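Please walk me through this structure.

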Amino acid sequence: MIRRAKEQITEVDPGEIHDLLPDRNGTVVVDVREQQEFEQSHIPGAKHVPRGHLESRIEGAAGDKAARVVLYCASGNRSALAARTLQEELGYENVESMTGGITLWKDRGYDVEVPRSLTAEQRERYSRHLLVPEIGFEGQMKLLDAKVLLLGAGGLGSPTALYLAAAGVGTIGIVDDDVVDLSNLQRQVIHTNDRIGMPKVDSAEQGIQDINPGVEVVKHQTRLDASNIMEIIEGYDVIVDGVDNFPTRYLLNDASVRLKIPVVSASILGFDGQLSVFAPYEGPCYRCLYPTPPPAELAPSCGANGVLGALPGIIGVLQAIEVVKLVTGSGEPLIGRLLLYEALGTTFTNLKLRRDPDCPICSRDPGEISDEEMGVFPDYEAFCAAAG
Amino acid sequence: MRRWASFPTTRRSARLQARLSRAVSTVKIPPVLRASTGGEREVSAEGSNVGEVLNSLADRHPDTKGQLFGEDGALNRYVNVYLNDEDVRVLDGLETAVKGEDTLVILPAMAGGR
């Protein structure tokens, strides 16, 4: 049957198709193999119409029945049968089948395109994302490619890390120099009872891998300071800030403005949380909001403070959602706005934040911000000593 | 209401104006200032502009004064104040007019994520 089909149609050598590249002069090249075969590799620019769907889909790929249409498959047999169908039954006037299929094409050393696709496991794992139009395949691919840095695997970092891992963020970096303590477990849900005493970066890595082994975890078991910040944060797409002190917040702000990395920033205290996205040069930075830090007695950041265990849950998950929005480019991220959540009264308040045209940092070009200026802040030891 | 406005001031409208100028606003107190307000999260305060409302708050809860205002009487730079959702610094600062039912939000910098 195949031989008979080949007698009825015209065949073309791969070399002739190769020489038509890149614009092919109006020739439509159609791959008639199955989905999985096409996904592995195909001829650059080829349209895909599986032979089983030829009748219903060919017009979408080749609308003009007078145009030259070249079909190929793995070895030239299926495409011969498909060419006969196009010619005899569907009225295509100028159909050819490529001899030897993609196998011969590759043997000749011609380039193939390897399209990106989700594995069957990923399609299942992220199926609920794929069903949301705002994320879909494109958005999921962006999440898989994303590199997100979490500053702290504590109250805020725990839920953020878990949800970003579950969402399929490809690389999650974690900066934390602490070890898991019993008093953390009231709110730091990524850690567990049997990991008390373990470095938080290791415990968080395990929590992430337990949910999604596909995530690459980069551990930075250190404290951020002026000497290491540029090296650590460079290359990340988004930074999630849950740091517990002002000096690091200013340092982070200055470094992230310099590298133009958006920061999803949040803080919590008692029953109150606040959240904003500082996107350099797009919206205000932290110094636009607070050009000077508060005096020590108004800065309860030095010692231990009480916090409702579930509070970092809601604020940290809001951070995770802002990260997903930034990465996938969906919705309106919380740029130039600050969200206050007051749990006792169950109120959410949105405030407008504006760029300060005289901001000491983000009113200037990133190249003008020197190392010496970064994180300029009163002496931290003295600051906290004054707080008592 | 519009028709009344075209009439000369009556005792009744004068009373109304006086009441408006002593408008009662709600001030949202941030966690770090609650020790100074006896733990209250929201405080009602009177005044026709932002400065008056904050001073009325400071009169009632004197510990808040030094935290809100510098020695020159200006708002401390590490404290942001919002009239409803807008930073008063982009409005008329402490002179910004306040109507009854407005909400002032005091927002000092916060850190703490652990």
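The predicted model holds 5 cavities of 30 Å³ or more. A cavity here is a set of points on a 1 Å grid over the protein atoms alone where a 1.4 Å probe fits but cannot get out. The largest cavity has about 230 Å³ of space, a volume being the space filled by probe spheres set on the points.

Its lining counts 22 residues, each with an atom within 4 Å of a point. A:Asp272, A:Leu340, B:Ile29, B:Pro30 and B:Arg34 lie nearest the centre. β11 (272–278), β12 (337–342) and β13 (347–352) of chain A and β5 (103–108) of chain B each give two or more residues. β5(B) gives the most, with 4 residues. Strands are DSSP runs of E, at least two residues; helices are runs of H or I, at least four. By class, the lining has 12 nonpolar, 4 polar and 6 charged residues. Ala, Val, Leu, Ile, Met, Phe, Trp, Tyr, Cys and Pro count as nonpolar, Asp, Glu, Lys and Arg as charged, and the others, Gly among them, as polar.

Now the helices. In chain A, α10 (residues 157–167) packs on α15 (residues 311–328) at about 40°, with axes 7 Å apart.

Residues are numbered from 1 along each chain as its sequence is written, and chains are lettered from A and ligands numbered from 1 in the order written. In this predicted model local features need pLDDT of at least 70 and side-chain atom pairs pLDDT 80 or more, while totals for chains, interfaces and linings use all residues; side-chain values use heavy atoms, without hydrogens and water.

Notes
Axes are lines fitted to C-alpha atoms, for helices over the stretch in contact, and angles run from 0 to 180 degrees between N-to-C directions. On a 1 Å grid over the protein atoms alone, a cavity is a set of points where a 1.4 Å probe fits but cannot get out, and a pocket is an open set with protein on both sides within 12 Å along at least five of seven lines; lining residues have an atom within 4 Å of a point.
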